[in-house]
Amino acid sequence: MYYAGVDIGGKNTKMGIVDDFGNVVSSTTYKTQKERGYDAILLEMISNINSLCEEAGFDINELSGIGIGVPGIVNSRAGLVMSCANLNWKGVDLAGDVKNLTGKECKVCNDANCAALGEQRFGSGKNFKNLVFITLGTGVGSGIIIDGKLFEGLGCAGAEAGHMGIQVDGDKCTCGNKGCWEEFISAKALTEQTQRAIEQNPKSMLVEICKDGVSGKSAFIGARAGDSVAKDVVQKYINYLTYGLIGLTNILHPQAFVLGGGVANEGVDLILPVKNLLNEYIDNNGFYPYVDVVGASLGNDAGYMGAAALVM
Ligand SMILES: [Zn+2]
């Protein structure tokens, strides 16, 4: 059977037709152009699903369902997008509207939850029924899977690990709280940590590395080149990241953490020290079993593949 998965982003929308085994038979990416408004975005999405079905050699009527990921607060049980600041949507019945226009079953979910499901079904989380997925991008997204199912909390408003507070009097976060984990582990936070280190250490190699601009990659480049200031930035970042993972381990003790997003592209230089530090803690306290830490493997396809999995 075939399913359509859609990942609507503030800038781009990605979609694909996926089979039960996670094979993508056709896919496309296009500009969301959010300023056009909800109705136009909805109609173009359905038109593009039609085209992808044609490309794959069948009619949209043969689809078994449509799953959609949205970057906001989504009541997935009701199919409603409660609020999505990125797209200026508030209280829209996305699942109902898609069903009315296509006659297909439609499920809608938060985009990070979709990506978590994608990695768990078809990506590097395939071997785990209990995992926490964390994306280390401009912001921090997360999804929790327990016994193979998404855990979303009351009103599907939970599973937001990035807004777990780790410093009572920390910086103000976009969510209104202070000292959220996101303020320490997002790519934006890592960039700011690197910038501060450069200002305090004008002789560091980071100055040369960052002459065209600082990014979430700069500190890792410096650390690989042996710069002690850069190593220190990376180590602190790893400490912040692991500190939150320890908190989540104490609550959920999942089989694995799957790390995605830009910073996770550092691969083994990030994953291995985090995994070692986390399991050193587990070992010292006898909180067996060990928890695996792996990099996400589906990249930008995780969102729409997981959205398709919502209707499988
Ligand atoms: Zn927050």
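Which residues is Val108 in contact with, leaving aside its neighbours within four places in sequence? They are Ile68, Val70, Val74, Ser76, Gly79, Val81, Leu94 and Ala95. The model is predicted. Its domain assignment gives two parts: domain 1, made of 2–120 + 301–310, and domain 2, covering 126–296.

**Domain arrangement**

- Taken over C-alpha atoms, the centres of domain 1 and domain 2 are separated by 28 Å.
- Where the domains touch, 14 residues of domain 1 are in contact with 17 residues of domain 2.

**The side of domain 1 that touches domain 2**

- Two or more residues of this side come from each of strand E5 (73–75) and helix H3 (111–122).
- H3 supplies the largest share of the side of domain 1 that touches domain 2, with eight residues.
- Sorted by class, the residues on this side of domain 1 are seven nonpolar, four polar and three charged.

**The largest nonpolar core**

- The largest nonpolar core holds 91 residues.
- Within this core, the residues that touch the most other members are Ala4, Ile68, Val108, Phe257 and Ala308.
- Helix H8, residues 228–252, gives the core eight residues, its largest share.
- Both domains take part, as the core draws at least three residues from each of domain 1 and domain 2.

**Val108 in this setting**

- Val108 is one of the core residues that touch the most other members, and Ile68, also in that group, is among the contacts of Val108.
- The contacts of Val108 also include Val74, a position within the range of strand E5 (73–75).

Note on methods
Residues are numbered from 1 along each chain as its sequence is written. This is a predicted model: local features need pLDDT of at least 70, side-chain atom pairs count only at pLDDT 80 or more; totals for chains, interfaces and linings use all residues. Domain bounds come from an automatic or database domain assignment. Two residues are in contact if their C-beta atoms, placed from the backbone, lie within 7 Å. Helices (H or I, at least four residues) and strands (E, at least two) are DSSP runs, numbered from the N terminus. Ala, Val, Leu, Ile, Met, Phe, Trp, Tyr, Cys and Pro count as nonpolar, Asp, Glu, Lys and Arg as charged, and the others, Gly among them, as polar. A nonpolar core is a set of buried Ala, Val, Leu, Ile, Met, Phe, Trp, Tyr and Cys residues joined through C-beta atoms within 7 Å. A residue is buried if 20 or more other C-beta atoms lie within 10 Å of its own, exposed if 12 or fewer, and partly exposed in between; C-beta atoms are placed from the backbone.
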